[in-house]
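Please read this briefing beside the sequence and the model, which are shown next. The points that follow are grouped by topic, so that each can be checked against the picture.

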Amino acid sequence: MEKTIESSTTESPVLPPTARREPTPTTLHGQTLEDDYRWMRNKESEEVLAYLNAENAYTDASMKPTEELQAKLYAEMLSHIKETDESVPYRHRGWYYYTRTVEGSQYSIHCRRKAVGDRYDETQPEQVILDVNQLAEGQAFMSVGGMSVSPDGEKLAYSTDNTGFRQYTLHIRNLTTSEEFADTAERVGSLVWAADSHTLFYTTEDEVTKRQDKLFRHRLGDAAAEDALIFQEKDERFNIGVGKTRDGKYLLMEAGSHTTSEYSYLDAETPGGVFLVVAPRIDEQEYSIDHRDGLFYIRVNDTGKNFRVVTVPVNGGSREDWKEFLPEDPNVPLENFDVFDRFCVISRREEGLTSLAVADFSEDGSLGEIKKISFPEPAYTALPHVNREFVTTKFRYSYQSLVSPASVYEYDVTTGVSELLKEQEIPGGFDRAHYSSERLWIMASDGVKVPVSLVYRRDLFHKDGTSPLYVYGYGSYGYPLPIGFSPARLSLLDRGLVLAYAHIRGGGELGDTWHDAGKMMVKRNTFTDFIAVTEALVAQGYGAKGRVAIEGGSAGGLLMGAVVNLRPDLFSVVLSHVPFVDVMNTMLDASLPLTVGEYEEWGNPNEPEAFAYMRSYSPYDNLKPGDYPAMLVKTSLNDSQVMYWEPAKYVAKLRTLKKNDTPLLLHINMDAGHGGASGRYDYLKEIAFDYAFLLRELKATGA
């Protein structure tokens, strides 16, 4: 049961849409999946489009009373953004590259200036190499995929998507004349130039499953039909990508699944040659490589989940010849290993937080003293920044926290000192002293401790169980939930909300073991962790019972659907973005993008045991009659990752089962993809829309 929305523009009230029911059951392993809304998969159907438009109309009518609040939120968020701004320039092959934004323009402008010796000189003429605002003229959506400048600095290869379906077209630009070459290709992924600046390697996707499966070699001036097919990946679990070692000497091709990887290499000076495999793929073994002084440095998990680093000579040696360079730490996962001419950077995960350390190479090539970079706050993210130069004594990293805006530092390897190059300017009266962050460890139902990052405004928070609480989660694919600064988030903090980020199992905060503990046949740990975190935060006085909002997107949308089915009474408001909620039907359809590769994350429902387990938590299949929280479900018509029909079917089915009158809204962006609107102002308006819904339902619209 839902409220009928009174319309101010029509004589009759706006009713919640009622979708036609057309039973289309699927029987497998002696069990039947009921699906009344499979007909919504026909994107070209006038009936489907009419239904989606009706949902949008109902949502618009429901949200119309919040228009003033939306405008206020948008103005607040905009006031905290320096609209005309510039990134920190980075050096590469005699140029300094940077992006800038201009007030009133939706997209970034990519630029460069000639280097003067070893320094950036603002008096040098600026060259605009790509203005995305120009590409976006006349387009409802615009996204730039890959970008690669040729080694001679004279050509730019880049790709664009104007629908949101993540289907990219290759372009090549003459940077001397700013004219476009005729060269092009479709469904392009990664791009890299050979050393001759005339040969471009690129990958393309399968037309049905959108899996990057082919590598081509293109000679400038040739038609795409003449491009040589260098490699085709036949295993449907694997995607391929192409890149280059930091020193520029070798081209690299990676074939990777969710659990296994394989690299091949080719001398960048001989683009007509053959890619050679570094180490043949072994199931459940992942590795990545870089090159220095005739050796490949390989980060690999062959001895344990936390990874070690080994070396092997180029063109010489099998796994038996690997020499250990950096041993595995059984307690601390090795997240990245960056190689430079004189030093290396070691990125780890300690207690769920990123750590960075720098070590020189000794004269004999062994590892010198490891110097750790320290960070001051209890919850933060520190990651390598853009470091294109191989021969250097400087290393750049980014730092931010829930209360500290994003910064770029440059670490001098010779002195051990970090210099702040730029901190994101937050106008509009922001004062970080007004906000506080905490790091908690909360006991899950099986006794495992789960890290949680918290932020709130000091003068509005009292640990007495009266504050509105917002909890965000993801918990899939081994992806560590970032702990970053958000100018938009200030609009929630300044209204007294306590914001919590639950680093639940299935994510990568504590390495691969944390991921493994929340996937496949133990996926339910992700959901019970999130529930335990929410319960504990309320019990400890961080939030008020009955004023709890939650948010997640994509696989985090699966999380939203699963926890609402398990504990609808615990949550008051749900924001669910592009949610993966129709788990069974999607994972039984191998023709859809991602499905086969995802078997390593969720399981293969064609197997009886996996089928039963996945069905036990699939949000769409576990909806039942009862009361539900207020819900705003969002999707995009051109989403290629989670098809629009998943949230559409979910909402349609829930409307038939929901007993209370809390809002159930579905909003479809008819011109975007998985990430929503592409323009920065349009995206900000989407956030204001979401926050207006959340604040209205939490009764926290003041400030």
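Axes here are lines fitted to C-alpha atoms, for helices over the stretch in contact, and angles between N-to-C directions run from 0 to 180 degrees. Helices (H or I, at least four residues) and strands (E, at least two) are DSSP runs, numbered from the N terminus. This is a predicted model, in which local features need pLDDT of at least 70 and side-chain atom pairs count only at pLDDT 80 or more, while totals for chains, interfaces and linings use all residues. Residues are numbered from 1 along each chain as its sequence is written, and side-chain values use heavy atoms, with hydrogens and water left out.

**Helices α6 and α7**

- Two packed helices are described by the angle between their axes and the distance between the axes.
- Helix α6 covers residues 524-539 and helix α7 covers residues 555-566; their axes come within 9 Å and cross at roughly 65°.
- That angle makes α6 roughly perpendicular to α7, on a scale where angles under 35 degrees count as roughly parallel, over 145 as roughly antiparallel, 65 to 115 as roughly perpendicular and the rest as oblique.
- The crossing of α6 and α7 is right-handed; a crossing is left-handed if the near helix is turned anticlockwise from the far one by less than a right angle, and right-handed if clockwise.
- On the α6 side the contact (heavy atoms within 4.5 Å) is made by Arg524, Thr526, Phe527, Phe530 and Ile531, and on the α7 side by Leu558, Leu559, Met560, Ala562, Val563 and Leu566.
- By class, the contact of α6 with α7 has nine nonpolar, one polar and one charged residues, where Ala, Val, Leu, Ile, Met, Phe, Trp, Tyr, Cys and Pro count as nonpolar, Asp, Glu, Lys and Arg as charged, and the others, Gly among them, as polar.

**Helix α1 and its partners**

- Helix α1 (residues 46-63) packs with helix α11 (residues 645-655) at an angle of about 65°, with the axes 12 Å apart, and the two are therefore roughly perpendicular to each other.
- The crossing of α1 and α11 is left-handed, and the contact brings together Tyr51, Leu52, Glu55 and Tyr58 of α1 with Ala648, Val651, Ala652 and Arg655 of α11.
- The residues of the contact of α1 with α11 divide into six nonpolar, no polar and two charged.
- With α12, helix α1 packs at an angle of about 60°, the axes being 11 Å apart, so α1 and α12 are oblique to each other.
- The crossing of α1 and α12 is also left-handed, and here Thr59, Ser62 and Met63 in α1 meet Phe689, Ala692, Phe693 and Arg696 in α12.
- The contact of α1 with α12 divides into four nonpolar, two polar and one charged residues.

**Nonpolar cores**

- A nonpolar core is a set of buried Ala, Val, Leu, Ile, Met, Phe, Trp, Tyr and Cys residues joined through side-chain atoms within 4.5 Å; buried means under 20% relative accessible area, exposed over 50%, and partly exposed in between (1.4 Å probe, protein chains only).
- The largest nonpolar core has 134 residues, of which Phe530, Leu537 and Ile550 touch the most other members, and helix α12 (residues 680-698) gives the most to this core, with 11 residues.
- Apart from this core lies another, of 15 residues, among them Tyr265, Val278, Val310 and Trp322.
- Not counting residues up to four places away in sequence, Leu537 touches residues including Leu440, Leu454, Leu469 and Tyr542.
- Leu454 is placed in strand β33 (residues 449-457) and is buried, because its relative accessible area is 0%.
- Leu454 and Leu499 are 45 residues apart in sequence, and their C-alpha atoms are 5.7 Å apart in space.

**Residues in loops**

- Most residues other than glycine have a negative phi.
- Arg166, in the loop between β9 (155-161) and β10 (169-174), has a positive phi near 55° and is partly exposed, with a relative accessible area of 35%.
- Tyr477, in the loop between β34 (469-473) and α4 (490-493), has a positive phi of about 60° and is partly exposed, with a relative accessible area of 27%.
- Asp321 is found in the loop between β22 (308-313) and β23 (323-326), and at 46% relative accessibility it counts as partly exposed.
- Leaving aside its neighbours within four places in sequence, Asp321 is in contact with Thr311 and Val312.
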